[in-house]
Amino acid sequence: MLLDRLLDGFDSQHFLDAMARYHLGAGGKFLRGRLAIAEGNVVGLKAADSLQWALCCELIHNATLIHDDIQDRDPMRRGQESLWKKFGSEQALNAGDLFIFKAFQKAAGLKNSKLIEILAESSETLVKGQSNEFLIPERNPQEGYWSLYLNTAIGKTSSLFQLPIYGVHILKNQSIDPLILESWKEFGICYQIIDDISDFYGLKQKGQKQKDFHEKKINALMAQLSLNAKNQNLINRYLDGSDSLREQLLLISEIEERLNQENVFEKLEDWIQEKLKNVLAHTQGETRNLITELISASPLQGVKQYENQARLI
């Protein structure tokens, strides 16, 4: 349903609409839109309003995907050529912008000024979070890298998980418990960490292992290593490393060994499980079911246990 309604919004003969249909045609989980619909059902919001808000959230999310692929020069998205690769960066930028403006157009149709306000605030937060990916973490103090990573994840990922939930409560004229928003912030961080681990093992659709590492991007694994002062030299070599593929592979091999020595994957998994428990404690009904479905599909060993734990909370 969400895909069909999204495609309906790009029904003109203009080539940007054709690009939008191409991008959307690759599919996706539509998680943020599904969250808006699920939470709308939980609070008793009109189905038409929930759907319209779901479309807003998905349009903003897809705009970020298009722009992200341009920045990262990712040639593939969901099993097909990414928009910039197929149509060129210039027009892909325009298509991404079109998605953003469509989102505000649909939000305006809901005739709620507060909704426009949080959509604008979330858009500002996520673009600032995305820009953090290109910053060089502070070499000292040790907390610098981890703090920058968290701020990046909160900006570019958490904001788009808080948005559908917050918007539904605004449309229902309900105040929202700050603890609920905080739990969705934590969910976004968990989601980003899982994404980083998936990248390391080559589990993402892009298929390439350690792509973030080759691009020297801010990621959860290196951020965790940075918390140990003994790893400072390794962190510096990672940030300043040679562009030689052979040297990159040797360094990544050394990093992987260090990650295993320090049980970084296990530490991150424990951290994620604790945060997800908090998310589940602040969700109910269809929203909780959707989250447990997502958790059960996580690539992290052990996280699946929360599918069962959710029924006990």
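K211 forms a salt bridge with D74, with the closest N and O atoms 2.4 Å apart (a salt bridge is a side-chain nitrogen of Lys or Arg within 4 Å of a carboxyl oxygen of Asp or Glu). K211 lies in helix α10 (residues 211-214) and D74 in the loop between α4 and β1 (76-77), so the pair ties together parts that are 137 residues apart in sequence. This is a predicted model, where local features need pLDDT of at least 70, side-chain atom pairs count only at pLDDT 80 or more, and totals for chains, interfaces and linings use all residues. Residues are numbered from 1 along each chain as its sequence is written, and side-chain values use heavy atoms, leaving out hydrogens and water.

**Confidence**
- The average pLDDT (the predictor's confidence in each residue, from 0 to 100) is 89, and 90% of the residues score at least 70.

**Salt bridges**
- By this rule, the count is 13 salt bridges.
- E182 and K185 form another salt bridge, with their closest N and O atoms 3.2 Å apart.
- E182 counts as partly exposed at 32% relative accessibility, and K185 is partly exposed at 23%.
- Shared partners join D72, E133, K156 and K217 into one network of salt bridges.

Note on methods: Helix = DSSP H or I, 4+ residues; strand = E, 2+ residues; numbered from the N terminus. Buried < 20%, exposed > 50% of the residue type's maximum accessible area, 1.4 Å probe, protein only.
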